[in-house]
There are 2 protein chains.
Amino acid sequence: MNVIKPLIFENDKLLILDQRKLPFEEVYIEVKSSEHMAKLIKDMALRGAPLIAISACYSILIDVLNNKEREELLKSIEILKHSRPTAINLFNALSEVEKIILNSKNLKEELYNFVIKLDQEEKERCLRISENGLKIFKKESVVLTYCNTGFLATTGIGTALGVIYKAFEKGLIKEVIIPETRPYLQGSRLTLYELEKLKIPYKLITDNSIAFLMSKGYIDLVIVGADRVLSDGTLINKIGTLNIAILSKYFNIPFYTAFPISTYDNNSKIEDVIIEERGKEEVIKINNNLITLENAKVLNYAFDITPANLITGYITDEGVNYGGRKEVI
Amino acid sequence: MNVIKPLIFENDKLLILDQRKLPFEEVYIEVKSSEHMAKLIKDMALRGAPLIAISACYSILIDVLNNKEREELLKSIEILKHSRPTAINLFNALSEVEKIILNSKNLKEELYNFVIKLDQEEKERCLRISENGLKIFKKESVVLTYCNTGFLATTGIGTALGVIYKAFEKGLIKEVIIPETRPYLQGSRLTLYELEKLKIPYKLITDNSIAFLMSKGYIDLVIVGADRVLSDGTLINKIGTLNIAILSKYFNIPFYTAFPISTYDNNSKIEDVIIEERGKEEVIKINNNLITLENAKVLNYAFDITPANLITGYITDEGVNYGGRKEVI
């Protein structure tokens, strides 16, 4: 498989693929420090919860290789933790790094080993998700996925897209349907870029075309990722996921979500979940060009909430759990 | 009400507001011939089923005023009929023009009278639709509409938006929710432009946000337009309409469609309806700027098909017919 690398760590240098320039240009940025990384995360040069967690840890390693003082390192960790407030993986991974900084005897070596291991484990988790996902395919299928959940969101082959990649290897994918995923276009910019690279057949559609394609019997299966999954099976994911889940139920098309078990949030209840409302710039501009009036009034929720009774199954690195949807699968 | 004019016919000159340049610039194009008009329709300089029907008839009148031969006129009518295959009004109005061309003794005068009358009747039909629509409101409401069905889609106050305008005058509109309507952005460019002009409160959203807003109880009512309605109540309308109809049923929100009775197509069956598949340029470019790879593979259906059992009611110039949705309204 033609691996796409959103992060390269070689000869003690850290390079990050600038996802803002995709799919047009492949530009790597050498990350010089953790402050630099915090800015890159804030500015969306990279995204995907698992990817930013690992990247942040690598950037602390860069600081250590540059002989930064422990006190400074701890300050940097605080800054990084706040660079993407919704990402629980980022917070947890950096807390581990913090412990190493406070307790280690040989900081350089211990941190090095920790980060390399985290990266390796992430790759293996992705692979296990993809292998576990194979069982949901009954035949060569047209699969709809959403947003971006592949190489560019993890350091492995991805979550929902990883399942699709593994299924493609096994001859189980006829075509992938990519809704463009407004407003940030992760579908048309990032997922499309990955599928072009991997030479997997796909069609790009607007988000509002999904119902019509389903009504024509075009789509066999839906697999999306997850930003957070509550203990009752409620899925919090990219805005538009609820839409697809309702349509899938209406047309009796299986709807799966794929994620590492670290995405389970067993502590929060639905009332605790705050859905991030982002600024209007993303909706009224594309590539910095205005597409409607600058003074437009906009509602821009970044995520939505899909109840368990709309979900056919949950694909994780531990297996597949069948969900709350009542129809025969 | 601050009237917006998508078409001006004065001193035997025909001017069309170039809707591609909205909401940024108000530029009128003088239409020199029916060939010119066919190209403008194909290129989306104007759209909206009632508007293109009347505009096409006016352009034949321009040809007649320029002393074009009858044979040439009949050829032009064929070309115009195919400039937007889904629009039944266009087909029907041009068939009337065809009859006049074949049978009239004083072509110039008869055609002139026909077109002016058609235009006037259209304005009156819009008003009657808007008045008939008032009865669907039970309280001051947040209404979701779709695409553009107002001044810019008709030569009157519009169909679905016309109902909203009349209801706003009566204090029945709290806020209008405008999905942007990809790929052509008729929501964010045209409907938003109209509501800004008329100072009606609104919020712009991405098309994939509709489900989440409905799940939060934000939306009281949906009113969309219609490109064609079959005798069994099947609605053919802008791609994404089916999506909204399914979501409305799921969340038990009334879903209405508003249109002049000329939009009824009593001859066709669902199998006869050809859904226009447009080129990929609209999806991969916005304002001529590429938003994904030029060689992207795209499926771009312009319309979709909503069955009657998803429709609460049909608002026309003759009244409101309640549809096939089973719940109590």
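This is a predicted model: local features need pLDDT of at least 70, side-chain atom pairs count only at pLDDT 80 or more; totals for chains, interfaces and linings use all residues.
How many residues does the contact take from chain A and from chain B? It takes 55 residues from chain A and 55 residues from chain B, where contact means heavy atoms within 4.5 Å. Residues are numbered from 1 along each chain as its sequence is written, chains are lettered from A and ligands numbered from 1 in the order written, and side-chain values use heavy atoms, with hydrogens and water left out.

**Chain A against chain B**

- About 4,600 Å² gets buried between chain A and chain B, with 67% of it on carbon and sulfur atoms; buried area here is the accessible area (1.4 Å probe) that two parts lose on being put together, summed over both.
- Asn208(A), Phe212(A) and Leu299(A) supply 16% of what chain A buries against chain B, more than any other three residues.
- The rule picks out 4 salt bridges across this interface, a salt bridge being a side-chain nitrogen of Lys or Arg within 4 Å of a carboxyl oxygen of Asp or Glu.
- Arg182(A) pairs up with Glu180(B) in a salt bridge, with the closest N and O atoms 2.6 Å apart.
- Among the elements that give two or more residues to chain A's side are helix H7 (186–198), helix H8 (210–215) and strand S14 (303–306) of chain A; helices (H or I, at least four residues) and strands (E, at least two) are DSSP runs, numbered from the N terminus.
- H9(A) gives the largest share of that side, 5 residues.

**Inside chain A: domain 1 against domain 2**

- Chain A splits into domain 1 (7–127) and domain 2 (135–321), with bounds from an automatic or database domain assignment.
- The domain centres, taken over C-alpha atoms, sit 25 Å apart.
- Domain 1 of chain A puts 21 residues into the contact and domain 2 of chain A puts in 18 residues.
- The two domains of chain A bury about 2,000 Å² between them, and carbon and sulfur atoms give 58% of that.
- On the domain 1 side, Arg47(A), Arg125(A) and Cys126(A) lose the most area to domain 2, together 26% of what that side buries.
- The rule finds 1 salt bridge across this domain interface.
- Lys197(A) and Glu26(A) form a salt bridge, their closest N and O atoms being 3.0 Å apart.
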